[in-house]
Amino acid sequence: MNPRLKAPEMKLPAEYEAEVLENPVFIDRRRFMNYCGWVGILGSLAVGSLGMLRFMFPRVLFEPPTAFKAGFPSDYSVATVDTRFVNSHRVWIIREEKGFYALSAICTHLGCTPKWLANENKFKCPCHGSGFRRSGINFEGPAPRPLDRYKIVLSEDGQMLVERAKAFRHEKGEWTKPDAYLFV
Ligand code: FES
């Protein structure tokens with residue numbers, strides 16, 4: 001080996017040398033590398049275990065059930081927009097003289113929840129200003145189409161059953177389909 005390439009020997013200052021020799025916790029380089037190896041292995045095991053836990057308990061988005069009972073027709077007054085299911089199911093129940101329809105409270109622009117403004121007789125989306133008539137038809141703002149209506153039928157116990165998995169779209173002529181409107 002070329003003597004010129006030999007690493008210079010480290011020499012501690014004399015005042016530290018005695019201290020280092022006496023100090024029992026002094027860690028030499030080899031032991032230090034050993035510890036690093038163990039730390040690496042234990043760290044990898046910990047990360048692997050966390051990954052396994054994540055696999056066993058995946059993040060799941062819990063959505064409200066798609067079907068829900070909306071009470072008895074007699075619970076509603078004629079000519080009202082009922083907002084009691086907006087927070088839980090994002091649905092308005094509209095009571096007309098002849099019957100009911102269930103209107104989606106999901107804006108057809110980007111999915112915000114419009115508000116029912118009884119004084120102005122319209123739904124107004126707070127996000128970008130889309131407006132919808134009581135029927136669900138859009139008339140202002142960027143919303144490209146009317147709100148959806150959902151299937152609404154009478155269940156065996158006489159309560160109304162709203163099924164959000166079945167939507168009816170006005171632009172496809174579906175609002176006239178039987179379950180899009182509940183006659184009473
Ligand atoms: S999300 Fe309703 S107007 Fe944009």
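This is a predicted model: local features need pLDDT of at least 70, side-chain atom pairs count only at pLDDT 80 or more; totals for chains, interfaces and linings use all residues.
**View 1. Strand E4 and its partner strands.** Strands here (E, at least two residues) and helices (H or I, at least four residues) are DSSP runs, numbered from the N terminus. Two strands are said to pair if DSSP finds at least two bridges between them. E4 runs antiparallel to strand E3 (residues 91-95), with 5 bridges joining the two. Look for Val91, which stands opposite Ser104 in E4. E4 also pairs with strand E9 (residues 149-154), again in the antiparallel sense, over 2 bridges. In that pairing, Ala102 has Tyr150 of E9 as its bridge partner. Strand E11 (residues 182-183) is another antiparallel partner of E4, also over 2 bridges, and here Phe100 sits opposite Leu182.

**View 2. E4 under cover on both faces.** Buried means under 20% relative accessible area, exposed means over 50%, and partly exposed is in between (1.4 Å probe, protein chains only).

View 3. A disulfide is a covalent bond between the sulfur atoms of two cysteines. The working rule is a pair of cysteine sulfur atoms within 2.5 Å, and a search of the whole structure turns up 1 disulfide. Cys112 and Cys127 make it, with their sulfur atoms 1.9 Å apart. The link is left-handed, with -95° about the S-S bond. Cys112 sits in the loop between strand E4 (99-104) and strand E5 (115-117), and Cys127 in the loop between strand E6 (122-124) and strand E7 (131-133), so the pair ties together parts that are 15 residues apart in sequence. Cys127 counts as partly exposed because its relative accessibility is 37%. As for other cysteines, Cys107 is buried at 5% relative accessibility, and Cys125 is buried at 4%.

**View 4. The open sheet E5-E6-E7-E8.** This open sheet has 4 strands in the order E5-E6-E7-E8, with antiparallel pairing. E5 and strand E8 (138-140) stand at the edges with a single partner strand each, so one side of each is left without a neighbour in the sheet. From one strand to the next, the twist averages 35°; the axes behind such angles are lines fitted to C-alpha atoms (for helices, over the stretch in contact), and angles run from 0 to 180 degrees between N-to-C directions. E5 and E6 run antiparallel and are joined by 3 bridges. Trp116 finds its bridge partner in E6, namely Phe123.

View 5. Glu140 is in strand E8 and Lys124 in strand E6, so the pair ties together parts that are 16 residues apart in sequence. Glu140 is partly exposed, with a relative accessible area of 25%, and Lys124 is partly exposed at 26% relative accessibility.

View 6. Arg145 makes a salt bridge with Asp148, their closest N and O atoms being 2.8 Å apart. At 14% relative accessibility, Asp148 counts as buried. Arg145 also meets Glu171 in a salt bridge, at 3.5 Å from N to O. Glu171 lies in the loop between strand E10 (160-168) and E11, and Arg145 in the loop between E8 and E9, so this pair ties together parts that are 26 residues apart in sequence. Glu171 is partly exposed, with a relative accessible area of 39%.

Definitions and conventions. Residues are numbered from 1 along each chain as its sequence is written. Side-chain values use heavy atoms; hydrogens and water are left out. A salt bridge is a side-chain nitrogen of Lys or Arg within 4 Å of a carboxyl oxygen of Asp or Glu.
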